[in-house]
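Here are my notes for a colleague opening this entry for the first time. Please keep the structure in view while reading them.

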Amino acid sequence: MAAQAVQWEHGLLQVRLPLPFALKTVNSYVFTEPAGGYTLIDPGLRTEETLAVWEAVFADHSIVPEQISRIVLTHQHPDHYGLAGYFAELSGAPVLMSRRAHRYVRHLWGEGSTMTGELAELFALHGMPQHYIDEISSNLSSFQEKVSPQPQQDQIRYIEAGETLELGGSQWELLDAPGHAYGQLCFYEANKKWMICGDQVLPRITPNISVVPGEEMNPLGDFLASLDRLSEYEVKRAFPGHYDSFTTFAGRIAEIKQHHVQRLEQMLLMLEEPLTGFEVCGRSFGARAQQSPHQHRFAMAETLAHLYELEQSGRISRTERAGVIYFLR
Ligand SMILES: [Zn+2]
């Protein structure tokens, strides 16, 4: 298997790892630390294919995985977090993530976790038929093995927005980037004007914005506000969680905002008649939504994020009939 890695200055290596989804790859970043050791950012989903790519990259770049000295997470989604515990166990390195991100992983994959059941209830409340909910629940459960083993509590070190983190001998400012994932952090290096932006700003696709049980209930509103804050940073090169690095950070933020404004307007037009979230999802995403349970969950939760934003801003309201919620202008 060909190793896919791009070497940047500052000892920064960008590694493209495979994903078994429509979204085919995820980026990991490795800093060679001047004092020795390596910092691994977002080590990828735990699959045989990912581990094979890591093996090739380690060989090509003479990296000894036992010398990984820190594992750092931009955010807690499985495609980024999955191998954190594996590499922590292999190297003894701590896993650095925000407290909020850690709360999410315990809620979704911890002992006695309740998030999958809560998501099923939420989707039923918004009119999704039970057979789709069952498919989505079992797909969600299938991720457990792709994030195992998880880091132990004593391997976790909390990092938070407002702090700085030294990576590759430079100081990186940690920025709060909610909406796609609460507790997500972007890393900004003010001298080079580089931004490691997780999934908050992506080229080619818009980040999924989902309503998630147990998290704040207006993720789209929080995401758009976060984009406004991020657009104040001068960025010469952005290193995203997916696809190539890019130099058009502010322009990309404007495009992503425009996409959501349009989608909000489209949904608002549909809601001249009362519709459930499931019905709005079908009309917005069509057959694409049902390509896989994974896609269906993203489409449904993203639809709800838009509907909740319309509701929060007073443009639509909800009524409940026979235990199902309908939205109307
Ligand atoms: Zn991602």
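1. Start with glutamate 9. Glutamate 9 is partly exposed, because its relative accessible area of 48% falls between the 20% limit for buried and the 50% limit for exposed. Keep in mind that this is a predicted model.

2. Now look at the partner. The side chain of glutamate 9 meets that of lysine 192 in a salt bridge, at 2.6 Å from N to O. This pair links distant parts of the chain, 183 residues apart. Glutamate 9 sits in the loop between β1 (5–7) and β2 (12–18), and lysine 192 in the loop between β10 (185–189) and β11 (194–198). Lysine 192 is partly exposed too, with a relative accessible area of 26%.

3. How many salt bridges are there by this rule? The count comes to 12. Side chains of opposite charge can pair when their charged atoms come close.

4. Are glutamate 33 and arginine 70 buried or exposed? Both are buried. They form a salt bridge, and their closest N and O atoms are 3.1 Å apart. Glutamate 33 lies in the loop between β3 (25–32) and β4 (38–41), while arginine 70 belongs to strand β5 (residues 68–72). This pair also links distant parts of the chain, here 37 residues apart.

5. Next comes arginine 100. Its side chain meets that of glutamate 216 in a salt bridge of 2.7 Å, N to O. Arginine 100 is in helix α4 (residues 99–109) and glutamate 216 is in the loop between β11 and α7 (219–230), so the pair ties together parts that are 116 residues apart in sequence. Arginine 100 is partly exposed, at a relative accessible area of 22%. Glutamate 216 is partly exposed as well, at 37%. Through shared partners, salt bridges join Arg100, Glu215 and Glu216 into one network.

6. Turn to the metal. Which residues coordinate the zinc ion? They are Asp79 (OD), His80 (NE2), Asp199 (OD) and His242 (NE2), at 2.1 to 2.4 Å. Their spacing in sequence reads D-H-x118-D-x42-H.

7. Why is the arrangement around the zinc ion irregular? The four donor atoms subtend angles of 88 to 164 degrees, which makes it so.

Terms used
Residues are numbered from 1 along each chain as its sequence is written. This is a predicted model: local features need pLDDT of at least 70, side-chain atom pairs count only at pLDDT 80 or more; totals for chains, interfaces and linings use all residues. Side-chain values use heavy atoms; hydrogens and water are left out. Donors are N, O and S atoms within 2.8 Å of the metal (3.2 Å for Na, K and Ca); water is not among the atoms, so sites may look incomplete. Four donors count as tetrahedral if all angles lie between 85 and 135 degrees; four count as square planar and six as octahedral if opposite donors are over 155 degrees apart and all others between 65 and 115; anything else is irregular. A salt bridge is a side-chain nitrogen of Lys or Arg within 4 Å of a carboxyl oxygen of Asp or Glu. Helices (H or I, at least four residues) and strands (E, at least two) are DSSP runs, numbered from the N terminus. Buried means under 20% relative accessible area, exposed over 50%, partly exposed in between (1.4 Å probe, protein chains only).
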